[in-house]
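Subject: Structure for your review

Dear colleague,

Please find below the structure that I am handing over to you. My notes on it follow directly after.

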Amino acid sequence: MSVANTLKQERMLLLAVPVAIVAYLAEHSVLEASKALSFVVAAALIAVIVAVSMRVAHHAEILAAKVGDPYGTMILTLSAVAVEVLILAIIMSESSSPTLVRDTIYSAVMIDINGILGLAALLGGLRHGEQPYNDDSGRTYGVMILTAMGISMIVPEFVPEAKWHLYSAFTIVAMIALYGLFLKMQVGPHSYFFSYSYPRAERKKAAPEGNAHGDSEEDNSAAYSIGVILVGVVLIGVLAEFMATFLTHGLEGSGAPEGLMAVVVATISAAPEILTAMRAALRNRMQPVVNIAMGASLSTVILTVPVMEAIALYSGQPFIMAMTPVQTVMVFITLIVAAINLNDGETNAIEGMTHLILFATFIMLLFLGL
């Protein structure tokens, strides 16, 4: 591929560099000007971060196509979680909220399962009717999400404050053990749990759309895609630091919902996954949607929790990880509905709508301050 084509395709990464420089030079001027300007600049930076994360996700998709499922979906979800953990860690340095980690993980699960899976099943169901997938994957993801969230975000409510560090250390070990087993299953002898064999005619029908990115991009080497992903993650980290500063200043005293920052972080990391899932659902390929939505939720809990708990142990300042009663109820309803919907190997528009209604409830509760 020519240099001109490469520069054109990576223009958002190139744009992010001067944006970061301008943000650095204008930081004090913007903060001294007004809160409204800080909010506008933060919104612009969020847009750039999402654009960069889209390129990161795109190159993760290219790598995923090269290695195939279930490795491919694992690459996609891990890249998204890496972006989320990075942004969360940076914002934690700017925010004094002890519940930001908890609210971000909760928001990510609501967005992934109720938002992404719900919208994909609805749109795919309206176009194709019932859409098949491997029901082993849905059950496996569901029980692991429930276990991980129960251990890390429900049980802490009953742990004495004086012994939080002991339970934090236990949580880190438990999450690593869970993820180690999950990884072994996903890429080992049980990898068929997370894949589905589509009929030959269906694969041929999906091929033109699946190659929508163009042969030139698909011909990039794996090393090139890995390099772009690493550069993109670094740029996201730099931009996120300025975004956190401007957004915190802009929202100060505005009466905005307390959990809005958490939703922003979760949405940024989920944005590329949304488009990937929608494309798969409209091509009548529901297995990648289930892997992305449920896998991203599981990875968010099982990877974000040990990183943040390790930071808490290192700093000596615990985070509030126990969910509120409303959050606990929403998680249980979501996982029960997902368990029922993902139990028969086929999704449809009605099942998608049930998750979308739950997602709308999540948004309503956010603006009610719950």
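Helix α6 has 20 residues, and the distance from its first C-alpha to its last is 27 Å, close to the 28 Å expected at 1.5 Å a residue. Please bear in mind that this is a predicted model.

Asp136 itself belongs to helix α6, which covers residues 135-154. With a relative accessible area of 22%, Asp136 is partly exposed, since a residue counts as buried only under 20%. The C-alpha atom of Asp136 is 9.5 Å from that of Asp344, although 208 residues separate the two along the chain.

Asp136 also takes part in a salt bridge with Arg139, in which the closest N and O atoms are 3.0 Å apart. Both residues lie in helix α6, three residues apart, which is about one turn of the helix. Salt bridges with shared partners join Asp135, Asp136 and Arg139 into one network. The other pairing in it is between the side chains of Asp135 and Arg139, at 3.4 Å from N to O. Asp135 and Arg139 are separated by about one helical turn, because they are four residues apart in helix α6. As a general point, an α-helix has 3.6 residues a turn, so residues three or four places apart point the same way. Asp135 is partly exposed at 23% relative accessibility, and Arg139 is partly exposed as well, with a relative accessible area of 38%.

The count of salt bridges comes to four. One of them joins Glu10 and Arg55, with the closest N and O atoms 3.1 Å apart. This pair links distant parts of the chain: Glu10 is in the loop between α1 (3-9) and α2 (11-33), whereas Arg55 is in helix α3 (residues 35-67), and the two are 45 residues apart. Are Glu10 and Arg55 buried or exposed? Glu10 is buried, with a relative accessible area of 7%, and Arg55 is buried, with a relative accessible area of 13%.

Pro288 is buried, with a relative accessible area of 15%. The C-alpha atoms of Pro288 and Ser195 are separated by 8.1 Å, while the residues are 93 apart along the chain.

I also examined helix α14 (residues 349-367). This helix has 19 residues and reaches 27 Å from its first C-alpha to its last, close to the 27 Å expected at 1.5 Å a residue. At its start, a side-chain oxygen of Asn348 reaches to within 3.0 Å of the backbone nitrogen of Ile350. Among the buried residues of α14 are Ala349, Glu351, Gly352, His355 and Leu356, as well as Leu358, Phe362, Leu365 and Leu366. The buried residues of α14 pack against α5, α11 (260-282), α13 and β2 (346-347). After α14 comes Gly369, whose phi is positive, near 80 degrees.

Turning to the chain as a whole, there are 14 helices and two strands. Buried residues make up 52% of the 370 residues. Of the contacts with a separation of 6 or more, 86% are accounted for by residues 24 or more positions apart. The chain exposes about 16100 Å², and carbon and sulfur atoms supply 68% of that area.

The largest nonpolar core has 94 residues, of which Ile87 and Met243 touch the most other members. Which residues does Ile87 touch, not counting those up to four places away in sequence? They are Ile49, Ile236, Ala240, Met243, Val265 and Ile268.

Yours sincerely

Note on methods. Residues numbered from 1 in each chain as written. Predicted model: local features only at pLDDT ≥ 70, side-chain atom pairs only at ≥ 80, totals over all residues. Heavy atoms only, no water. Buried < 20%, exposed > 50% of the residue type's maximum accessible area, 1.4 Å probe, protein only. Expected span 1.5 Å × (residues − 1). Core = buried A, V, L, I, M, F, W, Y, C linked by side-chain atoms within 4.5 Å. Contact = heavy atoms within 4.5 Å. Areas by Shrake-Rupley, 256 points an atom, 1.4 Å probe, with all protein chains shown as cover. Polar contact = N/O pair within 3.5 Å; in protein donor to acceptor, adjacent residues only side chain to side chain.
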